[in-house]
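Open the model in your viewer and keep the selection panel at hand. This tour moves from one selection to the next.

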Amino acid sequence: MTTAPTPVRRASSDARATVLRVGGYSIRLRHRVLAAVLGSLAALIALAMWSAATGSTSLGLERVWYALIGQGPKGDEFILWELRLPRLATGLAVGACMGLSGALFQTLTRNPLGSPDLLGLTQGATTGALVSIIVTGSSLQVTTALAAVGSLATGLLIWSLTRGGDPSGYRLVLVGIGISAILAGVNGYLLTRTTIIDAFRAVYWLTGDLSGRDFGQARTVAIVLAAGIVVIALLSRGLDSLRLGEAAATGLGVRVGATRVAALVTASVLTAAAVAVAGPLAFVALAAPHIAARLTGSSRSFLCSALVGALIVTAADMIAVAGVGGHQLPTGVVTGVVGGAYLIWLLIAHRKKGVLS
Amino acid sequence: MTASPLAARQATLGYGRTVISEDLTVEIPEGEFTVIMGPNACGKSTLLKALARMLKPSIGSVLLDGKDIHSQPTRAVARRLGLLPQSPIAPDGITVADLVARGRYPHQGILRQWSADDERVVAEAMRATDIADLSGRGVDELSGGQRQRVWIAMVLAQQTPLLLLDEPTTFLDITHQIEVLDLCAKLHREGRTLVAVLHDLNQAARYATHLIAMRDGAVVAEGAPADIVTAETVEQVFDLPCRIIDDPESGTPLVIPSARARDRV
């Protein structure tokens with residue numbers, strides 16, 4: 001019986017907010033959302049520093065600092081600037097993109113499983129990557145470009161097939177699952193039409209990995225991420241109202257159709273950039289919004305989902321680098337295992353209806 | 001000609017290729033509590049959806065203040081016309097005050113998130129619907145009747161002179177149905193124009209000041225309940241033989257289905 005009042009307290013603590021008003025302008029900061037965002041940001045900074053300091057050669061924070069400001073030994077600077085920071089930056093940007101696209105897809109489909117993986121965007125990226133690896137046997141750059149094209153084309157296909165009809169999330173999910181199934185077939189076929197060496201490269205790409213990524217790739221993803229954040233900031237109030245249902249959102253004056261299309265395009269572009277560079281890192285887009293929602297309570301924060309996505313990828317990549325039995329792992333193996341396990345733990349620990357909605 | 005703030009003009013309404021109403025012309029009179037009623041699948045909810053701009057007529061138009069509703073910015077429409085849909089979704093764990101505050105959307109912007117006006121209007125809406133005491137509670141802990149009042153408060157916070165309610169009493173028990181209808185009547189007395197879709201004929205006759213009776217997508221009768229709720233009209237609209245007596249409580253028409261009706265089964 002002692003647990004009975006908990007929901008009341010949780011609900012009212014969610015509502016606490018500070019309002020800043022200047023002239024006609026006002027900003028409302030919800031304490032719980034603010035705490036969640038600042039908390040995950042602090043955790044991310046700490047983890048990033050730890051990640052830069054550790055690895056096969058342990059540098060320690062002091063050596064990292066001197067290498068960072070250009071006063072360290074050449075060896076340290078090489079490790080930091082050539083090996084660790086590009087990989088770290090790519091992981092941060094990729095994770096944030098995936099966290100955002102997952103949050104967008106969950107809002108659009110009104111489905112806790114709505115993610116680029118479920119809707120076929122990841123499969124589309126895979127098709128693009130497989131074509132480049134198998135048909136053209138080409139470089140990482142071409143693979144990256146074709147993966148982005150594949151993912152974007154899938155997003156476009158979903159949009160054109162769901163356009164005009166009933167705008168509910170169900171239609172989006174069903175069309176996405178259909179496309180996903182078709183592309184999985186295509187991908188399976190492509191894999192059977194190749195040499196064992198190309199197939200091995202392809203499967204490695206399919207797992208998702210961050211090793212050998214450079215600042216150029218990090219910059220590309222970061223630019224897409226920045227653009228995505230701006231668009232989402234403009235859309236977020238409308239998307240928040242869409243959580244009340246299409247009808248209520250229309251009644252409140254949300255341009256439902258336009259908002260949904262813009263969100264779908266944004267989510268597709270974010271997914272394309274992330275998957276093209278890092279491969280389909282399993283579970284990040286699905287788990288990040290759920291974990292962020294645990295932190296922010298009844299309010300949703302896209303920013304928090306982005307930070308959690310970056311946290312998951314950075315943490316997973318550190319584990320991947322540490323590896324098992326002296327062998328490094330592809331990052332995607334760790335995100336799959338850790339993300340999946342965490343999600344199941346979340347479900348068991350908070351056995352309650354609606355925890356994942 | 002348009003004294004009416006909201007009207008459908010020769011509208012053809014439907015979903016995809018299914019046509020529900022053809023050449024439908026309806027005027028919502030200003031300052032009245034209009035109830036749209038009729039048997040299942042008569043097109044009453046479709047008409048309400050069209051009036052609320054959720055459904056665009058394939059032919060004809062819906063006019064808000066004399067102008068095509070679809071040619072007006074939807075946020076501007078939302079400051080004139082509020083909508084309580086049939087089954088809105090309360091986000092998990094949201095508090096009463098937060099949900100009511102959602103009604104301020106058409107008055108807000110990215111840098112105008114919570115003005116002093118917003119705060120005052122939301123508090124007023126909660127007082128008007130008698131839920132001020134519940135403001136810190138989670139919406140999912142409330143009873144069906146309380147929850148419906150919260151949704152009505154959200155629509156009130158929109159501060160619109162026109163309110164559309166799609167079956168606001170469905171799924172409520174009788175006590176809460178009356179509670180919601182009494183609230184609607186109060187909002188009407190305060191000067192708002194209300195349009196509601198209702199199932200219960202007797203409740204419609206008691207609360208409406210203007211009735212629109214529909215069947216097969218067309219308006220069969222329209223007017224004050226005392227004028228149009230007759231045995232003939234009821235039979236015509238619902239295929240239900242009945243007698244009409246005076247409601248002993250309100251003096252409005254009360255429909256008593258005739259005992260003979262059972263013989264037909």
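**Before you start**

The model is predicted. Keep that in mind at every stop.

**Stop 1: the annotated spans of chain A**

Select chain A. An unreviewed UniProt entry lists residues 33-53, 88-108, 129-158, 170-191, 220-239, 259-289, 301-323 and 329-348 under "transmembrane region". Colour them, then pick out two.

Take residues 88-108 of chain A. The span is 100% helix and 0% strand. Its end C-alpha atoms are 30 Å apart.

Now take residues 301-323 of chain A. Here the chain is 91% helix, again with 0% strand. The end C-alpha atoms lie 33 Å apart.

**Stop 2: α2 and α3 of chain A**

Select residues 31-53 of chain A for α2, and residues 60-68 for α3. Their axes come within 9 Å and cross at roughly 90 degrees. Angles of 65 to 115 degrees count as roughly perpendicular, so α2(A) and α3(A) are roughly perpendicular to each other.

Show side chains at the contact. α2(A) brings M49(A), A52(A) and A53(A). α3(A) answers with G60(A), L61(A) and V64(A). By class, that contact has 5 nonpolar residues, 1 polar and no charged.

**Stop 3: α5 of chain A and its partners**

Select α5(A), residues 121-135, together with α7(A), residues 169-192. They pack at an angle of about 20 degrees, with axes 9 Å apart. Angles under 35 degrees count as roughly parallel, so α5(A) and α7(A) are roughly parallel to each other. Their crossing is left-handed.

Which residues make the contact? From α5(A), show Q123(A), G124(A), T126(A), T127(A), L130(A), V131(A) and I134(A). From α7(A), show S180(A), L183(A), A184(A), V186(A), N187(A), L190(A) and L191(A). The contact of α5(A) with α7(A) has 8 nonpolar, 6 polar and no charged residues.

α5(A) passes α11(A) in a right-handed crossing.

On the α5(A) side, look for L121(A), T122(A) and A125(A). On the α11(A) side, look for S268(A), T271(A), A272(A), V275(A) and A276(A). The residues of this contact divide into 5 nonpolar, 3 polar and no charged.

**Stop 4: the sheet of chain B**

Switch to chain B and select residues 6-241. An unreviewed UniProt entry annotates this range as "domain: ABC transporter". The range is 34% helix and 25% strand, and its end C-alpha atoms are 33 Å apart.

Colour the strands. In what order do 6 of them form an open sheet? Read across β6-β7-β8-β3-β9-β10 of chain B, with mixed pairing. β6(B) and β10(B) are the edge strands, and each pairs on one side only. From one strand to the next, the twist averages 15 degrees.

Zoom in on β3(B), residues 33-37, and β8(B), residues 193-197. The two run parallel and are joined by 4 bridges. Here V35(B) stands opposite A196(B) of β8(B).

Move along to β9(B) and β10(B). This pair runs antiparallel, with 5 bridges. L211(B) stands opposite G223(B) of β10(B). The hairpin has 2 residues between the strands, and D216(B) takes a positive phi near 50 degrees.

**Stop 5: helices across the sheet**

α9(B) lies across β9(B) and β10(B), at about 155 degrees to β10(B).

**Stop 6: where the chains touch**

Show both chains. How many residues of each are in contact? Chain B brings 32 residues and chain A brings 30.

Select α2 (74-78), β6 (81-84) and α3 (96-101) of chain B. Each supplies at least two residues of the side that touches chain A. The largest share comes from α2(B), with 4 residues. Colour the chain B side by class to finish: 16 residues are nonpolar, 8 polar and 8 charged.

How values were computed
Residues numbered from 1 in each chain as written. Chains lettered and ligands numbered in written order. Predicted model: local features only at pLDDT ≥ 70, side-chain atom pairs only at ≥ 80, totals over all residues. UniProt positions renumbered as here; feature names shortened; annotations may be inferred. Contact = placed C-beta atoms within 7 Å. Nonpolar A, V, L, I, M, F, W, Y, C, P; charged D, E, K, R; others polar. Pairing = 2+ DSSP bridges. Axes fitted to C-alpha atoms, helices over the stretch in contact; angles between N-to-C directions. Parallel < 35°, antiparallel > 145°, perpendicular 65-115°, else oblique. Left-handed = near helix turned anticlockwise from the far one by under 90°.
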